[in-house]
Amino acid sequence: MADMEHLDWPFFDAKHRELARALDAWCGEHLQHVDHDVDIDAQCRTLVAQLGTAGWLNHAVAGEGQAIDTRAICLIRETLARHDGLADFAFAMQGLGSGAISLQGTAEQRERYLPRVARGEALAAFALSEPEAGSDVAAMQCSATEDGDSYLLNGEKTWISNGGIADFYVLFARSGEAPGSRGISAFIVDADLPGLEIAERIAVIAPHPLARLRFTNCRVAKSQMLGAPGEGFKLAMRTLDVFRTSVAAAALGFARRALQEGLNQAKSRPMFGARLADLPLTQAKLADMACTVDSSALMVYRAAWLRDQGKTITKEAAMAKLMATEGAQQVIDAAVQLFGGRGVRRGEIVESLYREIRALRIYEGASEVQQLIIGRELLK
């Protein structure tokens with residue numbers, strides 16, 4: 001079992017400590033031989049099914065009258081990421097893709113989708129970004145035009161995680177009630193609806209299922225709207241407030257694994273008649289890595305704890321994501337350096353971590369967006 005001293009911090013209840021230790025043991029048994037060189041789509045489906053069967057996906061959705069436990073989600077993502085990046089992705093997308101339903105869904109919507117998500121029987125996706133509207137969400141052009149008892153969807157979404165394999169998408173489109181962000185609504189769009197096309201599958205440096213979606217007069221019933229017309233932007237931001245902190249937790253998991261790999265390498269690698277670990281420069285590098293990991297962890301679990309106390313965490317979530325993702329990039333880069341030539345060899349753990357971490361500094365709000373959010377909140 002990995003060093004889990006941080007579980008003794010006062011941010012956690014006994015149930016959180018038990019959850020993290022149980023999941024760590026489960027990961028050790030089930031995630032040691034995940035083959036990323038096979039069909040990634042099939043591997044994701046398998047991982048979602050495994051996570052659902054084992055009960056871990058119950059934490060990704062909120063039951064009737066229940067709140068999402070942010071600390072539980074963060075501990076799960078940290079633990080999964082430390083063991084396997086694709087497993088973390090599989091869990092995260094079940095949560096993010098269904099999060100708006102947990103937060104704003106009607107009883108019928110929740111009953112139809114959330115149990116299947118929790119059992120790992122339905123794959124969820126969150127369709128927000130567009131070719132010309134990434135960080136500037138309010139610039140989206142995908143439209144939802146009222147037509148009788150339905151809306152007609154037209155436009156494109158891109159960089160959609162689980163795109164092409166999801167069973168449904170929580171989609172945000174411009175319904176036109178007001179200018180800018182006030183004219184966006186949210187819909188649950190089943191993947192088999194006519195007019196929904198997978199326009200492109202997108203390959204990225206850390207293999208995950210991504211796609212560009214195209215909607216051409218795709219008819220979705222009004223009963224599939226989440227919340228009221230024009231409230232989609234607020235719902236998207238509420239969803240991201242929950243899961244943005246968990247992105248930071250995943251980055252923390254990657255960083256912890258990189259630090260452990262770096263320590264193992266330093267202690268075992270002969271160097272100049274001694275060990276790599278005996279060199280003062282190595283010790284200084286390891287010290288910086290450890291400080292970055294712990295400072296990131298403190299920010300992550302402060303934000304998660306505050307949200308679970310019912311506090312608004314716009315600033316704290318942004319600080320956690322900025323610090324943890326940028327810090328993890330530095331820690332992983334330092335680990336690669338400790339490995340020397342081996343560090344960039346395909347198949348090495350630190351090499352895969354290097355590819356895994358890069359996207360986290362971009363998705364669910366790029367680092368620069370987090371800086372803007374923090375600055376804006378400080379100036380309020």
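Trainee: How many aromatic pairs does the count come to?

Mentor: A pair of aromatic rings is described by the distance of the centres and the angle of the planes. Rings of Phe, Tyr and Trp (its six-membered ring) pair if their centres lie within 6.5 Å; planes under 30 degrees apart count as stacked, over 60 as edge-to-face and the rest as tilted. By this rule there are six aromatic pairs. In one of them, Phe12 and Tyr301 have ring centres 4.8 Å apart and planes at 70°, so the pair is edge-to-face. This is a predicted model, in which local features need pLDDT of at least 70 and side-chain atom pairs pLDDT 80 or more, while totals for chains, interfaces and linings use all residues. Residues are numbered from 1 along each chain as its sequence is written, and side-chain values use heavy atoms, without hydrogens and water.

Trainee: Which parts does the pair of Phe12 and Tyr301 tie together?

Mentor: Helices (H or I, at least four residues) and strands (E, at least two) are DSSP runs, numbered from the N terminus. Phe12 lies in the segment before α1 (14-30) and Tyr301 in helix α7 (residues 280-308), so the pair links parts 289 residues apart in sequence.

Trainee: Are Phe12 and Tyr301 buried or exposed?

Mentor: Buried means under 20% relative accessible area, exposed over 50%, partly exposed in between (1.4 Å probe, protein chains only). Phe12 is buried at 3%, and Tyr301 is buried at 0%. Glu132, by contrast, is exposed at 71%; Glu132 lies in the loop between β1 (124-127) and β2 (143-147).

Trainee: At what angle do helices α3 and α4 pack?

Mentor: Axes are lines fitted to C-alpha atoms, for helices over the stretch in contact, and angles run from 0 to 180 degrees between N-to-C directions. Helix α3 (residues 70-83) packs against helix α4 (residues 85-104) at about 155°, with the axes 7 Å apart. That makes α3 roughly antiparallel to α4 (an angle over 145 degrees). At the contact (heavy atoms within 4.5 Å), Ile73, Ile76, Arg77, Leu80 and Ala81 of α3 meet Gly85, Ala87, Asp88, Phe91 and Ala92 of α4.

Trainee: How many bridges join strands β3 and β7?

Mentor: Two strands pair if DSSP finds at least two bridges between them. Nine bridges join β3 (residues 150-161) to β7 (residues 210-221), and these strands run antiparallel; Leu152 stands opposite Arg219 in β7. Strand β6 (residues 196-201) also runs antiparallel to β7, with five bridges, and Glu197 stands opposite Arg214 in β7.

Key: Parallel < 35°, antiparallel > 145°, perpendicular 65-115°, else oblique.
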